[in-house]
Amino acid sequence: MYRSIVSLGLLLALGACQKAQPLHATHATHANEPPDIAWFDGSLDGAFIVAKRENRPVLIYWGAEWCPFCHTLKSTVFSRPDFIAKSKLFLPVYLDGDDEGAQKWGESFHIQGYPTLIIFDPDRHEIIRLGAGRDVAQYAAVLDLALENIQPVDALLQSAATGKTLTIEECRRLAYNSWELDEIEAAGFAGQANALMAAAADCPHNAELERADLSIYAAYYAANAESDALDQPKAQPSPLLAGLQDQVAQVLAQPALAVSSAGALAMLDDSFFKSVRLRGASVSEPLRDRYVATMDAAAHDGRYVLADQLGFIDAKLHALKDLGKPKAPLPPDAVADARQRIDAALSAEQNPFVRSGLVNASLDILEDIGDYPAAYQIAHAEIARASAPYYYKADLAEIAEKLGHKDEAITLLDEAYRESQGAATRFQWGQLYVSGLLRMAPKDSQRIEDAGAAVLGELDGPDRIYRRARVRLEKLDRELRAWNDAAKGAHADVLQGLRVRMQQICVKIPDADAARRSCDAFLKTAA
């Protein structure tokens with residue numbers, strides 16, 4: 001039990017005179033660093049200094065050693081001769097989420113999901129960002145666009161929103177940007193939808209694909225902006241959202257254009273399909289059928305890597321579920337096709353780095369169709385061959401929990417946490433373990449407190465309470481409070497002990513550091 005007689009006031013006082021430290025991230029050698037890219041050997045601050053001296057944009061790769069789609073990106077994009085050649089015009093920086101200072105840079109640049117590619121000008125203005133799920137040829141094309149036009153992407157979008165006529169290059173840069181990776185609060189969804197819709201309208205007539213992608217992204221944000229309101233009885237989409245749905249339907253009515261826009265179309269989520277369903281079968285059924293046909297075609301299109309092709313199959317299944325009859329099972333032929341594609345993909349690909357993305361996509365499909373035994377079998381088999389087996393142990397634990405095997409799930413989460421490597425990764429896997437205990441063993445307060453204190457200890461180091469770690473710390477705070485509330489305050493002593501443990505970390509963080517506020521907020525007033 002973590003009880004302390006040291007007052008919180010004294011703990012806070014110990015750190016009061018410390019000064020905030022500048023951002024820094026040192027380049028480290030990574031086991032799976034793509035060898036054909038001339039990665040900058042130095043700190044990220046140093047990279048921007050050199051970039052300014054040489055007037056070169058900075059290309060940042062943000063990923064993790066355990067991340068399946070990071071391996072996919074490295075295996076299929078960073079190995080392409082066109083991408084390698086064009087990367088020489090940039091200053092490429094390999095930033096692993098576990099590198100020292102990496103999460104603080106993630107906070108500064110508003111990046112969280114792995115993998116993300118971001119291009120900055122030498123003054124640190126963002127030009128464009130990309131994630132996974134694209135036509136592989138677009139990645140090299142983006143490098144060309146970034147060299148041609150270095151206006152920050154946010155400024156370009158805002159100028160389009162005010163009615164500025166866009167060149168095809170400007171329009172293409174907006175369309176290629178992975179807007180889903182931007183951090184926007186729910187209150188900003190409607191504004192983002194309007195800006196993207198205006199940008200689509202400002203594109204030249206011959207920018208058909210770019211207009212399509214921007215309209216699809218606008219529909220995504222508009223649907224999420226109205227999602228809560230559309231849950232009310234007799235609700236209907238606004239005229240703006242209905243118009244964007246019609247634009248998506250027009251894209252889907254052109255098969256070649258739709259398949260080229262498959263990456264954007266696959267981002268459409270339950271909120272979008274819910275809004276379509278509310279307009280009735282005359283709208284929802286044709287859109288569903290064309291969406292399914294598009295995803296089927298994209299799932300066999302060589303412009304997309306195999307992991308993304310499996311992702312399109314999963315997107316198809318979501319549309320069939322959301323736009324089908326309530327509680328109706330998925331069509332047997334769609335399920336059979338999904339299984340066949342999974343079997344073929346996993347049988348053909350044995351390279352562990354390419355395979356990891358395929359396994360991840362396969363598990364998503366199997367869990368969405370409810371075949372947890374098959375998902376369990378695949379995840380279990382992958383542990384022995386994976387470079388980061390703890391990743392699949394966490395997946396396996398999630399599946400075991402859904403199968404009702406709680407003791408096994410907890411054991412797997414414990415093992416995954418113990419085996420994980422890297423400061424940010426260990427806190428992430430540790431938070432998963434504690435969350436699992438709160439769900440599956442809520443009466444074992446001693447184990448929860450011991451595990452919680454150990455996991456909080458992963459944050460005891462420079463620049464660790466940022467980005468992904470900060471988000472997970474906030475989630476852990478909410479879960480612990482809910483656990484105590486459900487027990488009518490019976491676990492107040494556990495929460496107090498964990499807060500004391502956290503304060504032992506907080507006092508080492510300078511008062512002016514943003515991480516100090518996040519640290520001090522943990523379980524404040526909870527007990």
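Predicted model: local features only at pLDDT ≥ 70, side-chain atom pairs only at ≥ 80, totals over all residues.
I take a polar contact to be a pair of N or O atoms within 3.5 Å; within protein, one must be able to donate a hydrogen and the other to accept it, and residues adjacent in sequence count only if both atoms are side-chain atoms. I number residues from 1 along each chain as its sequence is written, and side-chain values use heavy atoms, with hydrogens and water left out.

**Entry: Ser275**

I looked up Ser275 in helix 14 (residues 270-277); helices are DSSP runs of H or I, at least four residues, numbered from the N terminus. A polar atom of the Ser275 side chain lies 2.6 Å from the backbone oxygen of Phe272. Ser275 has a relative accessible area of 0%, and I call a residue buried under 20%, exposed over 50% and partly exposed in between (1.4 Å probe, protein chains only). Beyond neighbours within four places in sequence, Ser275 is in contact with residues including Leu230 and Gln245, contact meaning heavy atoms within 4.5 Å.

**Entry: disulfides**

I counted three disulfides, each a pair of cysteine sulfur atoms within 2.5 Å. The sulfur atoms of Cys67 and Cys70 are 2.4 Å apart. Cys171 is joined to Cys203 at 1.8 Å, S to S. Because Cys171 lies in helix 8 and Cys203 in the loop between helix 9 and helix 10, this pair ties together parts 32 residues apart in sequence. The link of Cys506 and Cys519 is left-handed, with -95° about the S-S bond.

Methods. Helix = DSSP H or I, 4+ residues; strand = E, 2+ residues; numbered from the N terminus.
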